[in-house]
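Student: I have a structure open and would like to walk through it. Can we start with a strand pairing and go from there?

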Amino acid sequence: MRDEERARLVVSSAAEGALSVKDRMAIEPFDMPSQEPDERIKNMDEVALGYTEIIARAEAERCLNCKNKPCIQGCPVKIDIPLFIEKIREKDYQGSLRVINRDSLLPSICGRVCPQENQCQKYCTLGKALKSVDKAVQIGRLERFVADINSSNMILPEIKEPSGKKVAIVGSGPAAISCAADLRKEGHEVVIFEALHKTGGVLSYGIPEFRLPKRLVDREFEKLDMMGVKIEKNVLVGRTISIKQLMEDEHFDAVFVASGAGLPRFMGIKGENSVGVFSANEYLTRSNLMKAYDKEKSHTPIFIAHRVAVLGGGNVAMDAARTALRLGAETVDIVYRRTRSEMPARKEEVSHAVEEGCNILELSQPVEIKSDESGKVSSLVIRKCRLGEVDQSGRRSPVEIEGSDYERSYDAVIVAIGNASNPLIKMTTDEIEVNRKGNFIVNEETNETSMRNVYAGGDIVLGAATVILAMGQGRKAASAINKRLCSEG
Amino acid sequence: MYRILKKERLSAEVFRYTLYAPLIAKRRKAGQFVVVQQGGDYSERIPLTIADADEKEGNIKIVFQTVGEGTHMLARLEEGDVIENVLGPLGKPTHIEKVGKVICVGGGVGVAPLYPIAKAFKEAGNEVRIIIGARNKDLILEEEEMKALDPELIVTTDDGSAGRKALVTEPLEELLKEKADLVVAIGPAVMMKFCTKVSEKYGTKVLVSLNTIMIDGTGMCGGCRVSIGGETKFVCVDGPEFDGSLVDWDNMMKRARTFSDYEKEKHHKCHIDMQIEEGLA
């Protein structure tokens, strides 16, 4: 409760108009209340509990409302951050949400899963002045607060008169959601085609409940439904129907492809097809989408393992490792070829994983998976590495040390070294040009592909990226599609 | 929502449902499958072959054996009930062309997926010979349908209760001796493995349809991966059909048992909870 008292003090001195810039700079950032590590690993509930109203108001007082607002430049969709924070100070939470909604439709999701330390908060003047990004204004936490406090009243945008145009959207992840909403607002008929039995893409099958409660995702689809966006599940574009058929037979005027980067990469090492080796996608899909963590109710099994190795250092690796712990693993090792400071995962997720008891094996390159006579994983052969020269990614590259191999015993290995774009649409649509990695090549201004009136955005264009970048692409494509449809009359 | 128009019991543990699914009926080709999820948050996704389809009526047929919790629950549905989610058609269609003489071998419930493929080869002008096998007389499926394609249909059973008392590989070898251009084998992994061995002996190309663990069926998880000629392939998008002589059968069979403890326990529990007699669905 110390934070609450401190917050009350800040808010009351602010009310007296007594906060100078220097005073504001002296306020320490407010931590996010969260479940204790030994408690939270026994459940799937959300770890971070969110700011209380008083804490949010106090954190909002830290914003210096600086003239050049660099934070906005750091946000991929350019939310007017100082303005929504000012509305929190004024206790006008609905007004604050309206400011965010002008540019972002998913604040409850982005506030939770955006890597703010590399985006808005990285550019915060306060963080720069205090020489630590950790001391920046906690913009993500404030965004989440605004979304959550308004959760009981759904604000729907105005929908224009029917335009007589039809747009098909392939996929129902973040890029699709934002594109669908923007197009529907303009009065177009919008139909989302989703292959799985549940909408939301990575928000549903990838990111675990303890980081992103699924009720928040469901709510976004309720909103789209109320706006009149149609959703067709169980349609795999490329098999159930092709892009060409959508346009020629079903008479869609435009198509937006947002099918994501769902193809799991494997290491290509010996033993990778042993029993007990899973892609993180499979492991997380079983747990999140199929609810296998709820062992009483779910009919989908999940592999019971005591010693788990997770290969990789991104957010997906952290999600898989933390899920394995919650499913009862005794030890979980995160095997990463560089060091902790080069990990692409969010800092917060890495420290959550460590707090919960995951070990990080740094400078470790898996070279072989060994199995017993029944084909089950028994151990992992790991080669030690050292850090070499800085590579293209701007990080020091791992260099394998010959002769340093050693074995550690495991009964499950989860491969989380990244995803590539799903090749199915490309396989069945020759007209669409892709790059060497299989990502769709689009016009940077409009997100149109090499096939006329077919647009694409999100991970299918960017490769595995972030939720907010996908949303930004969805909006850009929506605006280009709208322009094209209007000019065609 | 996909309504069950017709429910037929083909044997003690095998059912055939006719589902109303016009879009799938229109697009599907021989060799393709669907993924079925009964509905709600907790039911599993089950891959099942499209055994037949009627484009005009807008329906497809699926055949399944009650082996686990999901299939037992499916078996409790009645005509008029609905399945919430049916995704398809999935997988690559069988490459059908005129090759000459095709021997189609089906084992157990594998006879159901074999039917549309045998039919398509026949329609493409091939001479089609069919062998179907099962453990016993009660488990022989679709004998009449198959006879319509091949009047000289060969039936085998392990116990001799119907047709020849033999494994399917025995008549297969006899037919191969007379020369054939292609073998298509669908059934339990071990049966497909031995059909492959026999066909290789006579230098005849053999196509098999793999039935691995699957979750999404769209290529996003790799749960269905197999090693084909040393390369990892996903059965759901690269298959389900492969050249039998390139399949790493031992690895595939081991992977198929990944959840066998769980399934055994659940199967037992199904029979108790649903008050189903052992051996009966």
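Student: What is the bridge partner of A168(A) in β2(A)?
Tutor: The partner is V191(A). Keep in mind that this is a predicted model.

Student: In which sense do β1(A) and β2(A) pair, and over how many bridges?
Tutor: Strand β1, residues 166-170 of chain A, pairs with β2(A) in the parallel sense, over five bridges.

Student: And is β2(A) buried or exposed?
Tutor: Four of the five residues in β2(A), which spans 189-193, are buried, so the rest of the structure largely encloses this strand.

Student: Which UniProt domain is listed for residues 165-474 of chain A?
Tutor: The unreviewed UniProt entry lists "FAD/NAD(P)-binding" for that range. Over those residues the chain is 27% helix and 24% strand, with the end C-alpha atoms 18 Å apart.

Student: What about β11(A) and β12(A), how do they pair?
Tutor: Strand β11(A), residues 377-390, and strand β12(A), residues 396-400, are antiparallel and share four bridges. V390(A) has R396(A) as its bridge partner in β12(A).

Student: Which residue in that hairpin takes a positive phi?
Tutor: G394(A) does, with phi near 85°; the hairpin has five residues between its strands.

Student: Now the other annotation. What does UniProt give for residues 40-152 of chain A?
Tutor: The unreviewed entry annotates them as the domain "Dihydroprymidine dehydrogenase". That stretch is 49% helix and 0% strand, and its end C-alpha atoms are 26 Å apart.

Student: Why is α7(A) described as largely enclosed?
Tutor: Helix α7(A), residues 93-101, has seven buried residues out of nine, so the rest of the structure encloses most of it. Among the buried ones are Y93(A), L97(A) and I100(A).

Student: What covers the buried residues of α7(A)?
Tutor: The cover includes α4 (53-60), α6 (81-89), α8 (107-113) and α10 (139-149), from chain A.

Student: Switching to the interface. How many residues of chain A are in contact with chain B?
Tutor: There are 47 from chain A, in contact with 43 from chain B. The area buried between the two chains is about 3900 Å², and carbon and sulfur atoms give 55% of that.

Student: Which three residues supply more than any other three of the area chain A buries against chain B?
Tutor: They are R239(A), N273(A) and H299(A), which supply 21% of it.

Student: On to chain B. What is the strand order in its open sheet of seven strands?
Tutor: The order is β6-β1-β2-β5-β4-β3-β7, with antiparallel pairing. In chain B, β6 (82-83) and β7 (85-90) are the edge strands; each has a single partner strand, so one side of each lacks a neighbour in the sheet.

Student: How many bridges join β3(B) to β7(B)?
Tutor: Four, in the antiparallel sense, with β3(B) covering residues 33-37. F33(B) stands opposite L90(B) in β7(B).

Student: Which strands does α3(B) lie across?
Tutor: Helix α3(B), residues 111-123, lies across β4 (45-54) and β5 (59-65) of chain B, and runs at about 35° to β4(B).

Student: Last one: where is D159(B)?
Tutor: D159(B) is in the loop between β10 (154-157) and β11 (164-165) of chain B. D159(B) is partly exposed, at 42% relative accessible area.

Student: Which side chain does D159(B) join by a polar contact?
Tutor: The side chain of S161(B), at 2.7 Å. Leaving out residues up to four places away in sequence, D159(B) touches R135(B), N136(B), K137(B) and K165(B). K137(B) is 22 residues from D159(B) in sequence and 8.4 Å away, C-alpha to C-alpha.

Notes
Residues are numbered from 1 along each chain as its sequence is written. Chains are lettered from A and ligands numbered from 1 in the order in which they are written. This is a predicted model: local features need pLDDT of at least 70, side-chain atom pairs count only at pLDDT 80 or more; totals for chains, interfaces and linings use all residues. Side-chain values use heavy atoms; hydrogens and water are left out. Two strands pair if DSSP finds at least two bridges between them. Helices (H or I, at least four residues) and strands (E, at least two) are DSSP runs, numbered from the N terminus. UniProt positions are given in the numbering used here, feature names are shortened, and annotations may be inferred rather than shown by experiment. Contact means heavy atoms within 4.5 Å. Axes are lines fitted to C-alpha atoms, for helices over the stretch in contact, and angles run from 0 to 180 degrees between N-to-C directions. Buried means under 20% relative accessible area, exposed over 50%, partly exposed in between (1.4 Å probe, protein chains only). A polar contact is a pair of N or O atoms within 3.5 Å; within protein, one must be able to donate a hydrogen and the other to accept it, and residues adjacent in sequence count only if both atoms are side-chain atoms. Buried area is the accessible area (1.4 Å probe) that two parts lose on being put together, summed over both.
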